[in-house]
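Let's walk through this one together, a piece at a time. Have the viewer open and follow along as the text moves from chain to chain.

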Amino acid sequence: MTFERNIVISNDTAELAMVRDSVREGIESSGFPLKLCNRVTIAVDEAITNVIEHAFPDVPAGKGKIDVVIRIDAKRFRIEMVDDGMLHFDPRKCDTVDIEQHVSSGRDSGLGVFLMRRIMDEVEYAFRKGGRNRLVMVKYAD
Amino acid sequence: MRAQPSRVTRILISSSNQTITLDPSTSARDDERQMSSSLNIHQRNDGSVVILHLSGTLDGHTFVEMERAMKELVAAGNKIFVVELSELTYIASAGVGVFINVQQTVSEHGGGLLLVDPSPVVKEVFDILGLQALFQIHSSTEHALAAAERLDG
């Protein structure tokens with residue numbers, strides 16, 4: 001059974017729990033492997049957090065808008081996040097993280113992008129000047 | 001710079017004789033809405049070791065309060081922490097970052113941050129990030145306290 005949900009959230013980290021709950025509910029009802037539920041939830045949570053942190057530098061919390069579209073079936077998890085923020089966040093342009101060196105040096109930035117890249121099979125980003133930022137992540141069952 | 005939350009997450013910090021609610025104005029509706037995004041921190045001491053029992057979620061929203069609590073404890077001179085994670089149902093990189101920063105700070109002064117019994121979701125994040133290289137992760141508080149004694153010595 002295909003699970004589809006469209007959510008509109010604001011640039012407020014208080015919204016993160018609701019998105020995580022939707023991801024879990026969708027995976028549980030779609031036939032997508034439950035063993036991947038935690039990992040996919042983590043990647044989505046980190047992606048939304050990054051959008052909230054980076055796309056709205058001058059917008060008060062609660063005033064920016066992010067459209068989230070989740071579509072899940074037994075073989076594929078897909079999430080699309082479109083925001084109207086002024087800055088774009090492109091996880092592909094972030095430096096590759098050497099996690100061992102990273103944590104041993106006490107640096108904590110970049111861990112979210114590392115988790116997104118490590119967990120998801122596809123991370124695609126599109127930015128249109130004067131338009132909206134779009135981030136799509138896909139995870140396959142196999 | 002991380003976005004600041006528009007509302008204070010409900011944090012309970014309780015000691016043996018005291019429970020403090022940092023956001024007493026939280027409405028019943030907010031309680032329901034943020035049920036899965038609240039963090040409770042319970043503190044007790046064993047000699048010079050600070051034992052923190054975390055329950056709830058440590059995500060991009062609640063990490064702010066965890067960070068504040070840890071900074072206050074470190075500023076007060078504490079340098080050895082045992083953090084119980086069995087009832088922490090979620091951790092994001094922002095929460096991991098708090099642990100990394102505290103570990104980095106206290107280890108420079110002979111201290112340490114020892115983690116105990118992470119829940120499956122938390123353990124999964126630790127495994128992906130390879131945090132075994134940075135933290136001691138113990139199966140029980142007793143084992144962690146024994147290791148803490150060696151640090152203290």
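This is a predicted model: local features need pLDDT of at least 70, side-chain atom pairs count only at pLDDT 80 or more; totals for chains, interfaces and linings use all residues.

In the hairpin formed by E3(B) and E4(B), 2 residues lie between the strands, and Gly47(B) takes a positive phi near 65°. Helices and strands here are DSSP runs, numbered from the N terminus: H or I of at least four residues for helices, E of at least two for strands. Strands count as paired if DSSP finds at least two bridges between them.

Residues are numbered from 1 along each chain as its sequence is written, chains are lettered from A and ligands numbered from 1 in the order in which they are written, and side-chain values use heavy atoms, with hydrogens and water left out.

Stepping back to chain B as a whole, you will find 5 helices and 7 strands. Read from the N terminus, the elements run β-β-α-β-β-α-β-α-β-α-β-α. Buried residues make up 50% of its 153 residues, where buried means under 20% relative accessible area, exposed means over 50%, and partly exposed is in between, using a 1.4 Å probe and protein chains only. Among the contacts in chain B between residues at least 6 apart in sequence, 69% join residues at least 24 apart; a contact means heavy atoms within 4.5 Å.

One more residue in chain B deserves a visit. Asp117(B) has a positive phi near 50°, although this residue is not a glycine. Asp117(B) sits in the loop between strand E6 (112–116) and helix H4 (120–129) of chain B. With a relative accessible area of 38%, Asp117(B) is partly exposed.

Now over to chain A, which has 4 helices and 5 strands. Their order from the N terminus is β-α-α-β-β-α-α-β-β. Of the 142 residues of chain A, 54% count as buried, and residues 24 or more positions apart account for 65% of the contacts with a separation of 6 or more.

Next come the helices. Helix H1 of chain A (residues 16–30) has 15 residues and reaches 21 Å from its first C-alpha to its last, close to the 21 Å expected at 1.5 Å a residue; the expected span is 1.5 Å times one less than the number of residues. Buried residues of H1(A) include Leu16(A), Val19(A), Val23(A) and Ile27(A). The buried residues of H1(A) pack against E1, H2, strand E2 (65–72) and E3 of chain A, together with E4 and strand E5 (80–91) of chain B. After H1(A) comes Gly31(A), with a positive phi near 90°.Helix H2 of chain A (residues 37–54) has 15 of its 18 residues buried, so it is largely enclosed by the rest of the structure. One residue in H2 of chain A is Val51(A), which counts as buried at 5% relative accessibility. Leaving out residues up to four places away in sequence, Val51(A) touches Phe56(A), Ile66(A), Asp83(A) and Leu135(A).

Finally, the axes of H2(A) and helix H4 of chain A (residues 111–119) come within 9 Å and cross at roughly 140°. H2(A) and H4(A) are therefore oblique to each other, the class left over once angles under 35 degrees count as roughly parallel, over 145 as roughly antiparallel and 65 to 115 as roughly perpendicular. Residues that meet across this pair include Val40(A) and Ala47(A) in H2(A), and Val113(A) and Met116(A) in H4(A).

Notes: Axes are lines fitted to C-alpha atoms, for helices over the stretch in contact, and angles run from 0 to 180 degrees between N-to-C directions.
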